[in-house]
Amino acid sequence: MKQALRVVVSVMLILLAASVSMAASKVGIITMTTAQGEEDYRAAEVMQKEYGKDRIVHSTYPDKFTEEQETTIQQIVSFAADKDMKAIIFTQGLPGVASAITKVKEMGREDIIFINCMPHEDPQVSAELADVLVETDNVARGRTIVQLAQKMGAKTFVHYSFPRHMSVFMLAKRRDVMEDECKKIGMEFVFINAPDPTGDAGIPGAQQFILEDQARQIAKYGKDTAFFSTNCAMQEPLIKSILKNGGIYPEQCDPSPYHALPGALGISIPSDKAGDTGYIIAEIDKKIVAEGGAGRFATWKVPAIMSMVFAATDYGILYGDGKIDRTDMKKFEELLRKRAGNVQAAIYDVAGQDGKKVKLDNFLLFVGESVIFGEGKK
């Protein structure tokens, strides 16, 4: 009897130890500060509320991240020093991330997986070091933005940019895809060289140009003209000008309900609603309809970066709990769809500047699902 009791107690202790060990696995998320990138910071907060601060450890990059790469490396090393840490998520793969991952691997923490969202460093190097990578598909967006503009009634597509941005391969590639798509569907494509916000006139000069030029283009091409700009600082004046003069706004350079729309529309987000995309979409919808812009403005239903952080966290938790392998792109895509809706996703297979295609099997590119504000309320 005593022997049987000892066996039962031993089994219970083993099961209890296993349960405690499983519950203790952690996911580390390093985000921008709210000054540099509020959306990924709020996404990490949402994940802490969902999974608990005991499982989700949140830290931030230094504001001067380019100059302080060593600080970034130390943040990641401190994550890895926790024996219960099983996944580390970079909400933006800033310079220094590759070195940080290398450092952790040198520590012997082969049990930790790395999920790199929006890698800024060389894609091939990043893919060799991280287990899963994810980014918006800018080449595919060249098609989807034009197609959405057509759905919203556009007959002309105006693209604002400047030489500095057009020297970035993926931005220039997207612009070319936009022009090709316009030709295919019979839409006129107009490229306008706008002032660079980093130039002599600065951001105020670039914004003033947009306010004035958008009105000129409406006068020239009519109100069924869609507008797109590659620069974040130009989004608010562009939205304001379209509301005033007419036009179509299919998507921001960085698609998100939080990007430029609340500022342009004068919407304040209460602290208890930070990270609540359903709330902000409803508020934008009300404002757009009230201002007479129903059916003429759109964005993604879930911010791109928040979608990535949510899916990455879900993935990290599953890995820490021993339910998935290190790299399971089908599972990651499934989790992304649960968080972001009906996304279009594909494995990275992109032709570089030399024309040669590079395929990275652990790198997912995606386009989010759009919401047209005031659709059906014209």
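Me: How many aromatic pairs does a search of the whole structure find?
Reply: Eight aromatic pairs turn up when the whole structure is searched. Keep in mind that this is a predicted model.

Me: Take Y160 and F209. What sort of aromatic pair do they form?
Reply: Y160 and F209 form an edge-to-face pair, with 6.3 Å centre to centre and 85 degrees between the planes.

Me: Which parts does that pair tie together?
Reply: Y160 sits in strand β6 (residues 156–161) and F209 in helix α9 (residues 202–221), so the pair ties together parts that are 49 residues apart in sequence.

Me: Are Y160 and F209 buried or exposed?
Reply: Y160 is buried, and F209 is buried as well.

Me: And Y249 with F297, what's the geometry there?
Reply: That aromatic pair is tilted: the centres of Y249 and F297 are 6.0 Å apart, with 40 degrees between the planes.

Me: Where do Y249 and F297 lie?
Reply: Y249 is in the loop between α10 (235–245) and α11 (261–265), while F297 is in the loop between α12 (277–290) and β9 (298–300), so this pair ties together parts that are 48 residues apart in sequence. Y249 and F297 are both buried.

Me: Back to Y160. Which residues do ring pairs link into a cluster with Y160?
Reply: Ring pairs link Y160 with F209 and F227 in a cluster.

Me: Change of topic. How many residues are in the largest nonpolar core?
Reply: The largest nonpolar core has 65 residues. Among those with the most contacts inside this core are Y160, I284 and F373.

Me: Which helix gives the most to this core?
Reply: Helix α13 (residues 304–320) does, with 11 residues.

Me: What is I284 in contact with, neighbours within four places in sequence left aside?
Reply: On that basis, I284 is in contact with P257, L261, L265, I267 and F373.

Me: What other core lies apart from the largest one?
Reply: Another core, of 29 residues, lies apart from it; M85, F114, Y348 and L365 are among its members.

Me: Now D314. Where is D314 found?
Reply: D314 is found in helix α13.

Me: Does D314 count as buried or exposed, and why?
Reply: D314 counts as buried because its relative accessibility is 9%, and the cut-off for buried is under 20%.

Me: What does the D314 side chain make a polar contact with?
Reply: The D314 side chain makes a polar contact with the side chain of R339, at 2.7 Å.

Me: And which residues does D314 touch, not counting those up to four places away in sequence?
Reply: D314 touches E50, Y51, L335 and R339.

Notes: Residues are numbered from 1 along each chain as its sequence is written. This is a predicted model: local features need pLDDT of at least 70, side-chain atom pairs count only at pLDDT 80 or more; totals for chains, interfaces and linings use all residues. Side-chain values use heavy atoms; hydrogens and water are left out. A nonpolar core is a set of buried Ala, Val, Leu, Ile, Met, Phe, Trp, Tyr and Cys residues joined through side-chain atoms within 4.5 Å. Buried means under 20% relative accessible area, exposed over 50%, partly exposed in between (1.4 Å probe, protein chains only). Helices (H or I, at least four residues) and strands (E, at least two) are DSSP runs, numbered from the N terminus. Contact means heavy atoms within 4.5 Å. Rings of Phe, Tyr and Trp (its six-membered ring) pair if their centres lie within 6.5 Å; planes under 30 degrees apart count as stacked, over 60 as edge-to-face and the rest as tilted. A polar contact is a pair of N or O atoms within 3.5 Å; within protein, one must be able to donate a hydrogen and the other to accept it, and residues adjacent in sequence count only if both atoms are side-chain atoms.
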